[in-house]
Amino acid sequence: MKIALLGFGTVGKGVYEILNRKDTNDTAQIEIAHILIRKGKEKKLPIMVEDYDQILRDPQCECIVEVMGGIEPAHTYIMKALQAKKHVVTANKAVVAAHYQEFIETAQKQQVQFRFEASCGGGIPWIHSLLQAKRIDLIQRISGIFNGTANYIIDQMVKKDLEFAVALKEAQDAGYAEADPSADIDGIDTANKAMISASLAFDIVCTRDFPISGIRHLTKQDLHHFLQHGYSIRLLMHACMQKDRYACVVEPTLIKTDTLEANIPDNYNLTSLYGETLGDLKIYGQGAGALPTGNAIVSDVIAIQHKEVPDPVVLTHKTFDTSLLKGDYILRKDKQYQTYHAVDPLWMHEIYREILQEDPAAFLARISTKGEMQ
């Protein structure tokens with residue numbers, strides 16, 4: 001099977017390395033026929049090309065692997081590939097979150113596959129697990145640590161008693177955080193993965209109209225305060241469905257120190273789903289990196305190669321209702337902590353935005369179990 005790579009950054013090189021090893025019979029049967037690079041860049045390999053149409057015109061190239069990142073031109077390239085009746089595999093959570101419905105419907109219309117395992121959880125088989133669980137169960141809720149960079153920063157703050165800025169610098173030096181870390185520390189990356197996961201789990205089109213907050217204002221004094229009360233903190237996404245309603249949030253969340261989530265180290269992820277007959281299923285592993293993410297991409301390509309047809313996605317209408325995720329919160333303002341009980345996340349985040357006008361360093365977190373913290 002011949003494929004084309006769109007992009008040759010960290011993840012693209014990971015895919016290239018895995019397929020060039022030819023460690024298994026499956027990977028040995030996959031050939032990278034083209035690698036699309038930006039115009040003007042050095043062609044380090046003979047299969048590198050600048051003309052995307054050249055790839056689309058190749059009748060032997062059956063699958064396009066998009067690892068460019070960003071919305072455009074990734075969106076345009078994916079749509080052109082699907083319309084040309086070529087399968088598409090992508091690791092690009094931003095473009096999948098923004099154009100989920102369009103990609104799904106176009107792929108189904110053109111009778112090709114659109115696969116995006118690597119867009120959520122890197123090397124963790126999260127999308128596969130959701131699809132498998134849906135065959136038997138109505139998935140009632142999903143949650144998890146979906147961003148390795150944010151988790152690494154919090155873990156380093158706790159282990160080394162660091163301030164946020166120092167831990168962020170360490171994450172950047174280690175290659176986990178970008179020069180502009182906003183998407184990771186403000187919850188945007190997690191929100192993209194939440195949109196994709198909720199859409200798939202609940203058969204909806206989840207948009208980014210849900211409460212999102214990050215860890216930018218977390219301090220080591222906060223961590224000390226929370227630990228004194230038996231809590232650690234992680235940046236989590238929560239989503240749930242009840243009949244014709246659903247809700248989703250991305251928030252720093254206080255969790256008891258003896259729980260699994262509270263002890264996820266470094267840049268690892270932990271994703272969870274709950275179904276009535278399955279109960280809780282938790283999946284742990286590397287959430288990013290060239291080879292773990294490349295592994296997930298190659299897994300999707302092999303599934304296409306084996307003609308494994310995924311279950312059709314049926315999009316339904318459900319009402320967004322944040323009251324389904326009412327909970328307890330702690331808010332730090334002017335170095336004082338205030339607890340709110342059983343409040344709607346939408347209302348709580350509106351209050352938080354107002355308070356940020358008065359105290360730009362204020363910090364908000366959900367409390368996973370009831371508890372008074374002053």
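This is a short walk through one protein model, from its overall build to a few single residues.

Keep in mind that the model is predicted. Let's start with the whole chain. The protein has 13 helices and 15 strands. Its radius of gyration is 21 Å, close to the 21 Å that the globule rule gives for 374 residues, so the protein is as compact as a globular protein of that length. Along the principal axes, the C-alpha atoms fill a box of roughly 65 × 45 × 35 Å.

Now the packing. Of the 374 residues, 54% are buried. Take the contacts between residues at least 6 apart in sequence: 70% of them join residues at least 24 apart.

What about the surface and the charges? The protein exposes about 16600 Å², and carbon and sulfur atoms supply 50% of that. There are 40 positive and 48 negative side chains. The centres of these two sets lie 3 Å apart.

The nearest cysteine sulfur belongs to Cys61, and it is 7.5 Å away. Cys63 is buried, with a relative accessible area of 0%.

On to the backbone. A general point first. Most residues other than glycine have a negative phi, and most peptide bonds are trans.

One is a cis peptide bond. It joins Glu72 and Pro73, with omega about 10°. Pro73 sits in the loop between strand S4 (61-66) and helix H4 (74-83).

Next is Gln111. Its phi is positive, about 60°, although it is not a glycine. Find it in the loop between helix H5 (93-110) and strand S6 (114-115). Is Gln111 buried or exposed? Exposed, with a relative accessible area of 71%.

Then Asp161. Its phi is also positive, about 55°, and it is not a glycine either. Asp161 lies between helix H7 (148-160) and helix H8 (164-173), in the loop. This residue is partly exposed, at 36% relative accessible area.

Leu278 is in the loop between strand S10 (268-275) and strand S11 (279-286). At 44% relative accessibility, Leu278 counts as partly exposed. Which residues does Leu278 contact, leaving aside neighbours within four places in sequence? Ala133, Asp137 and Leu273. Look at the Ala133 pair. Leu278 and Ala133 are 145 residues apart in sequence, but 7.7 Å apart in space, C-alpha to C-alpha.

Last, Asp359. It lies in the loop between helix H13 (345-358) and strand S15 (363-367). Asp359 is buried, with a relative accessible area of 11%. Not counting residues up to four places away in sequence, Asp359 touches Arg332, Lys333 and Asp334. Asp359 and Gly285 are 74 residues apart in sequence and 37 Å apart in space, C-alpha to C-alpha.

That's the tour.

Definitions and conventions:
Residues numbered from 1 in each chain as written. Predicted model: local features only at pLDDT ≥ 70, side-chain atom pairs only at ≥ 80, totals over all residues. Heavy atoms only, no water. Helix = DSSP H or I, 4+ residues; strand = E, 2+ residues; numbered from the N terminus. Buried < 20%, exposed > 50% of the residue type's maximum accessible area, 1.4 Å probe, protein only. Contact = heavy atoms within 4.5 Å. Rg over C-alpha atoms; globule rule 2.2 N^0.38 Å. Areas by Shrake-Rupley, 256 points an atom, 1.4 Å probe, with all protein chains shown as cover. Lys, Arg positive; Asp, Glu negative; His and termini not counted. Charge placed at Lys NZ, Arg CZ, Asp CG, Glu CD. Disulfide = S-S within 2.5 Å.
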